[in-house]
Amino acid sequence: MPRQVDHAARRRDIGAAVLKIAAERGFREATIRAVASAVGASTSQVTHYVSGREELIRIAVRHEVEVRKAQITELLDGSERPLRALVEWAVLGTGADAQRIWLAIVLGARTEPVVRAELEEFNRWWDAVMRRLVGRPGDADVVDVLVGGLVLAGFEAPAEWSRERRLRVVDAVLAPLGV
């Protein structure tokens with residue numbers, strides 16, 4: 001009897017391998033051969049699920065974007081202070097692995113058109129969420145810079161930028177915005 005394969009699960013595994021490789025070595029290294037090796041498959045098995053490298057990267061990044069959108073939507077739906085909750089989640093709540101993946105996506109967008117297109121779509125969505133939560137475009141820019149800066153500070157000097165220190169900065173920046 002032929003083995004039953006969960007195609008959706010296999011595509012998720014392939015996407016996860018793409019993101020792991022990208023977070024460790026960059027999207028340029030996320031080749032069909034490297035992904036096949038990471039999931040313990042042949043290149044022909046990988047290309048059974050994707051038509052080529054572009055689709056391979058697209059499904060991985062799109063899945064990550066959709067997961068983040070779902071997390072944000074759920075977070076905002078259940079929060080009394082949605083902007084504060086969103087900023088705290090973005091700075092601290094996603095975890096180091098997810099932040100490394102997102103950093104790889106941001107850096108990969110410079111050289112990979114597929115990554116750029118997916119990131120631009122997410123950024124349009126994020127900007128709309130920010131405008132709704134903050135109200136004024138200039139204040140939304142402040143929040144974007146706050147989030148990006150604190151995430152990078154956490155990467156560059158995690159011992160110096162403890163959770164508590166980052167939350168103090170969040171509070172100091174959001175207080176004048178009435179949050």
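This is a predicted model: local features need pLDDT of at least 70, side-chain atom pairs count only at pLDDT 80 or more; totals for chains, interfaces and linings use all residues.

Colleague: Is helix 1 roughly parallel or roughly perpendicular to helix 4?

Modeller: Axes are lines fitted to C-alpha atoms, over the stretch in contact for helices, and angles run from 0 to 180 degrees between N-to-C directions. Under 35 degrees counts as roughly parallel, over 145 as roughly antiparallel, 65 to 115 as roughly perpendicular, and the rest as oblique. The axes of helix 1 and helix 4 lie 8 Å apart, at an angle of about 90°. So helix 1 sits against helix 4 roughly perpendicular.

Colleague: And helix 4 against helix 7: what class does that pair fall in?

Modeller: Their axes come within 8 Å and cross at roughly 10°. That angle makes helix 4 and helix 7 roughly parallel.

Colleague: How many charged residues does the contact of helix 4 with helix 7 have?

Modeller: Contact means heavy atoms within 4.5 Å. Helix 4 brings residues including Glu 54, Arg 58 and Arg 62, and helix 7 brings residues including Glu 118, Glu 121 and Trp 125. With Ala, Val, Leu, Ile, Met, Phe, Trp, Tyr, Cys and Pro as nonpolar, Asp, Glu, Lys and Arg as charged, and the others, Gly among them, as polar, the contact of helix 4 with helix 7 has 12 nonpolar, one polar and, for the charged class, eight.

Colleague: How does helix 4 lie relative to helix 6?

Modeller: The two pack at about 125°, with axes 11 Å apart. Given that angle, helix 4 is to helix 6 oblique.

Colleague: Now the pockets. Which helix gives the most to the lining of the largest pocket?

Modeller: On a 1 Å grid over the protein atoms alone, a pocket is an open set of points where a 1.4 Å probe fits, with protein on both sides within 12 Å along at least five of seven lines, and lining residues have an atom within 4 Å of a point. The largest pocket has a volume of about 480 Å³ (the space filled by probe spheres set on the points, which are joined across faces, edges and corners). Of its 18 lining residues, the closest to the centre include Trp 102, Val 106 and Val 147. The top contributor, with five residues, is helix 8.

Colleague: Which helix has the largest share of the lining of the second largest pocket?

Modeller: That pocket holds about 200 Å³, and among the residues closest to its centre are Ala 22, Gly 26 and Leu 107. Its lining divides into seven nonpolar, three polar and five charged residues. The largest share, five residues, comes from helix 6.

Technical notes. Residues are numbered from 1 along each chain as its sequence is written. Side-chain values use heavy atoms; hydrogens and water are left out. Helices (H or I, at least four residues) and strands (E, at least two) are DSSP runs, numbered from the N terminus.
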